[in-house]
Amino acid sequence: MSAARGSNEAPLRCEGLARSFGGLQAVAGVSLALPAGQVTALVGPNGAGKTTLFNLITGNLRADAGTAWVRGQPITGLKPWQVARLGVARSFQDLRLFTHMTVRDNVLAATERSAWFWQPGGTAGRKRRLAAAEAALEATGLASLADARAIDLAYAERKFLSLARILAAEAEIWLLDEPASGLDLASRMRFADLLRSATRRGVAICLIEHNLDVVAELSDRIAFLDQGRVIAEGDPQSILRDPALAAIYFGDRHEPASAAAETEA
Amino acid sequence: MIAYLSNLATQVAIFGILAATLNFILGYAGIFSIAHAVFFGLGAYAGAQIALLLVPDVVLACIVAAAIAGGLSLCLALPALRVRGEYFVAASLGLQMVAVTLFAELKPLTGGIGGLVGIPLPTLFGVPVGVLPVALAALALILLATALLARGSFGRTLTAIRDAESAAEALGKNVAAAKTLAVGFACAGAGVAGALYALHTSFVNVESFTMDYSVLMMAMVIIGGTGTLWGPLIGTVLLLSLPAALAFLPFLPATEVGAVQQIIIGLAMTLLMIFRPAGLVGDLSRGQTTA
């Protein structure tokens, strides 16, 4: 299986990515590979640089140093839409749904890449996109809500809609920013099923998650970030049992200020 | 009376095109341009010059006007790519002010304050033709085009950009290209309206392309209903027939019609924004703060 592959063959790889804001070194030289068919969890205290790392990969932020590759092709310096077209899909912590569009249109929009007046592929292409959208709605359990507006959905449904957009985009690399936060147990299990069926197809998934139970449940690997660096990487069991990492994560090492930062998420 | 109604209908068709195209960028893409009259003016001057210097062929005038207004729409697209919301409103306001000054000063092209006079009556392939049927045909075509674009993938792309630009980009949409195209299409349409206007009135000057007219077009769209197909047209009919209706009121002195009209339009917009923020035709639930 994919575990046997070297990191050179990972669909997404980055090396030495760095970015600072003013005097703050948000990401300080991160090297990471996302293997196909695996869920890699990015774990770390608030302000560790997890979302900034996503933004550096997707081109939403320009890296001060370092490079990222998608299937061997360097993507540093590309615009977000160009990175997306190489098969990198991302979700946002604040979801960013197309609020005044219907659920179906939200998902259809994810299948339509051309910014031109019409999409290529004619009627056959349109049928294929519609089918992909319907399949994504079916998989996320939103089919019965297809004609509702995104803004009228309940919280869990909104989260699944942001996932349906990614499913419909048919990307091979998913970057998910806190996709499971706020989901109840049943929803979380549906979410886990979605991830597993994606990894079975060979999708490389990276997710940011604060709930360590969820991390243990969902991930195949963990990369532990602290102060902009990957300080540990490995299988969930060894990372989650490491007392030194737990001390960082639960803030023992820090002053009380970090407890306040924790609640902000 | 027939001539009067025919004139009113022509005005409705021309401003209907302006409202429909402004609605396209305002209602779908969320680009709040207060400079639509600039592109109306560009088209009018272009159409007038074609008629004066070359041949008063209405189709040729419309095509040249659309090309010039559409091409120069980059002046509007560039700020739209960089800034949103109130910042873009300010940028388009600046464009409107610069354009009016240029219209008044560039005498060789625009005739200056005096404008361009004696524009010959329009023809179509050498045959004299009224502006009204051409304007109605153009209006129908542009309504059809905006409806098709708005309901298709391009409309979804624009709405997606309006609702969450970064998410649209993250799904592979070239936001800059989509905005530039939308603005180009809308401004080219305004150019067509300008050429028809020049041939209809046979006289154009800067007075018709001031910010007042940009605001009037915006009022037509907002009162009718942004992001709807028929709303802008209904807004146009209402706002253009209002002065005509007021003129028929025997107790209202002709000199007061303008002031009363302003009050009615202003009140209508205020009340609409309170009770029907999405306009007369718009979706009732939109724009309210309950969501």
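## Overall fold of chain A

Helices here are DSSP runs of H or I of at least four residues, and strands are runs of E of at least two. On that basis chain A of this predicted model has 10 helices and 10 strands.

The C-alpha trace of chain A spans about 60 × 40 × 40 Å along its principal axes. Its radius of gyration is 19 Å, which agrees with the value near 18 Å that a compact globule of 265 residues would have. Buried residues make up 46% of the 265 in chain A. Among contacts in chain A with a separation of 6 or more, 69% are between residues 24 or more positions apart.

## Packing of α3 and α4 in chain A

Helix α3 (residues 103-111) of chain A packs against helix α4 (residues 122-139) of chain A at an angle of about 125°, and the two axes are 9 Å apart. Because of this angle, α3(A) is oblique to α4(A). The crossing of α3(A) past α4(A) is right-handed.

From α3(A), the contact involves A:V103, A:R104, A:V107, A:L108 and A:T111; from α4(A), it involves A:R129, A:A132, A:A133, A:A136 and A:L137. By class, the residues of this contact of α3(A) with α4(A) are 7 nonpolar, 1 polar and 2 charged.

## Contact between chains A and B

Chain A contributes 27 residues to the contact with chain B, and chain B contributes 24. On the side of chain B that touches chain A, the elements giving two or more residues are α8 (153-163), α9 (165-170) and α10 (175-201) of chain B. Of these, α8(B) gives the most, with 7 residues. The side of chain B that touches chain A comprises 12 nonpolar, 7 polar and 5 charged residues.

Methods
Residues numbered from 1 in each chain as written. Chains lettered and ligands numbered in written order. Predicted model: local features only at pLDDT ≥ 70, side-chain atom pairs only at ≥ 80, totals over all residues. Rg over C-alpha atoms; globule rule 2.2 N^0.38 Å. Buried ≥ 20, exposed ≤ 12 C-beta atoms within 10 Å, placed from the backbone. Contact = placed C-beta atoms within 7 Å. Nonpolar A, V, L, I, M, F, W, Y, C, P; charged D, E, K, R; others polar. Axes fitted to C-alpha atoms, helices over the stretch in contact; angles between N-to-C directions. Parallel < 35°, antiparallel > 145°, perpendicular 65-115°, else oblique. Left-handed = near helix turned anticlockwise from the far one by under 90°.
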